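Dear colleague,

Please find the structure below. My notes on what was found in it follow.

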Amino acid sequence: MFQGVMNFISLWALPAIIVLILTMGLIKKVPIYEVFTDGAKEGFKVSINIIPYLVAIIVAISMLRASGIIELTGELLAPVLFHFNVPADIIPIMIVRSLSGSAALGIFSDIAHNLGPDNYATTLAAVMVGSSETTFYVLAVYFGAVGIKKLRYALLVGLLADLIGIIAAVSICNFMYI
Amino acid sequence: MNYIFYFLIVISIIAGAINGKLADVVNAILSGAELSVKVAFSLIGIMAFWLGMMKIAKECGLIEIISKLIKPITKRIFNEIPEDSPAIGDIAMSFTANAFGLANAATPIGIKAMEELQHHNKDKSSASNSMCIFLAMSTAGFQLVPATVIAVLIGIGYKNPTSIIAPTLLVTTIAFTCAIIMAKIFQKFWKPQDNNGGDS
């Protein structure tokens with residue numbers, strides 16, 4: 001039931017928002033075509049503006065992933081996390097979650113296919129990936145688009161929230177599934 | 001950010017050298033740079049579409065209506081932004097897009113919201129308190145249904161794929177709430193460097 005409602009909303013949210021905006025524009029006598037194209041003009045500029053920030057972040061993270069240090073950190077953390085019922089397969093997801101969304105999804109896919117539907121690691125990985133947003137990407141894109149160079153505490157808060165998310169995922173899954 | 005940038009790159013090179021993967025690390029520079037441009041270019045079209053839509057929404061007063069509806073909440077969280085600022089409406093739209101997992105609408109609208117917040121920012125190169133809070137909200141990844149993850153679970157024949165919705169929602173709600181609270185606490189200790197970088 002809940003899933004049915006959610007699917008319906010997910011499917012209809014965008015079309016509904018678009019129809020609402022256009023209809024209200026017409027009613028209020030806004031020249032919607034002119035205003036649309038005028039607003040859309042900014043799209044190119046904003047996308048080009050974020051390139052330097054994206055290059056800085058994505059290159060640094062690609063280098064980090066290629067260096068093998070994520071696997072190395074995983075091996076160091078494994079004995080500690082074992083006590084909290086965290087399977088070793090999950091650790092790369094924990095580390096990569098804030099850095100790269102596609103990588104986290106890739107690792108999750110691997111775990112799901114290799115360990116199968118009945119493994120606890122699959123469930124924990126699903127919750128961990130499903131509840132994450134790529135902090136570094138959002139930071140680069142959002143701040144890059146407006147030219148913010150001094151982040152102040154923004155990254156720290158983002159990473160601490162990610163850490164809290166990981167702890168919450170482990171505790172909740174421990175409680176629900178073990 | 002200077003130290004983080006330095007740390008990420010230097011540690012990669014050192015670790016790559018130790019692991020015998022230095023060639024891979026060097027190749028990652030090229031592939032990473034290419035990927036960045038690909039990501040930015042793939043954003044152009046959808047960004048243009050949503051910026052166009054958002055401009056109509058602003059002109060016809062829709063954003064203003066949304067801002068008024070959620071004012072009781074945003075007044076507390078974004079107390080440094082004037083109540084009638086279009087930024088509030090944009091933030092609400094971006095949050096909604098995120099919650100429903102509409103990633104390709106969420107990014108352009110989020111950027112739009114950030115631009116509105118930048119108007120109220122005195123020091124244009126330093127993030128204001130409101131910008132940090134909005135970023136914290138966005139990076140916490142609040143989402144009602146993690147559709148991609150559920151799709152993978154269905155693919156492997158997971159018994160009840162939608163059962164992960166509840167724990168996932170609980171986790172992101174905790175992270176989301178903590179992110180806002182932490183941002184609120186840190187802003188007291190982490191003043192803008194020259195004392196004029198706050199919101200007007």
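Interface between the chains

In this predicted model, 86 residues of chain A are in contact with 90 residues of chain B, contact being counted when the C-beta atoms of two residues, placed from the backbone, lie within 7 Å. On the chain A side, the elements giving two or more residues are α1 (2-27), α2 (32-49), α3 (51-66), α4 (69-82), α6 (101-115), α7 (120-130), α8 (135-146) and α9 (154-177). Helices are DSSP runs of H or I with at least four residues, strands are runs of E with at least two, and both are numbered from the N terminus. The chain A side consists of 58 nonpolar, 21 polar and seven charged residues. Here Ala, Val, Leu, Ile, Met, Phe, Trp, Tyr, Cys and Pro are nonpolar, Asp, Glu, Lys and Arg are charged, and the others, Gly among them, are polar.

A:Glu133

A:Glu133 sits in the loop between α7 and α8 of chain A. A:Glu133 is buried because 26 other C-beta atoms lie within 10 Å; the cut-off for buried is 20 or more, for exposed 12 or fewer, with partly exposed in between, and C-beta atoms placed from the backbone. Leaving out residues up to four places away in sequence, A:Glu133 touches A:Val138, B:Ser138, B:Thr139, B:Ala140 and B:Gly141.

Chain B

Chain B has nine helices and zero strands. Of its 200 residues, 46% are buried.

Conventions

Residues are numbered from 1 along each chain as its sequence is written, and chains are lettered from A and ligands numbered from 1 in the order written. As the model is predicted, local features need pLDDT of at least 70 and side-chain atom pairs count only at pLDDT 80 or more, while totals for chains, interfaces and linings use all residues.

Regards
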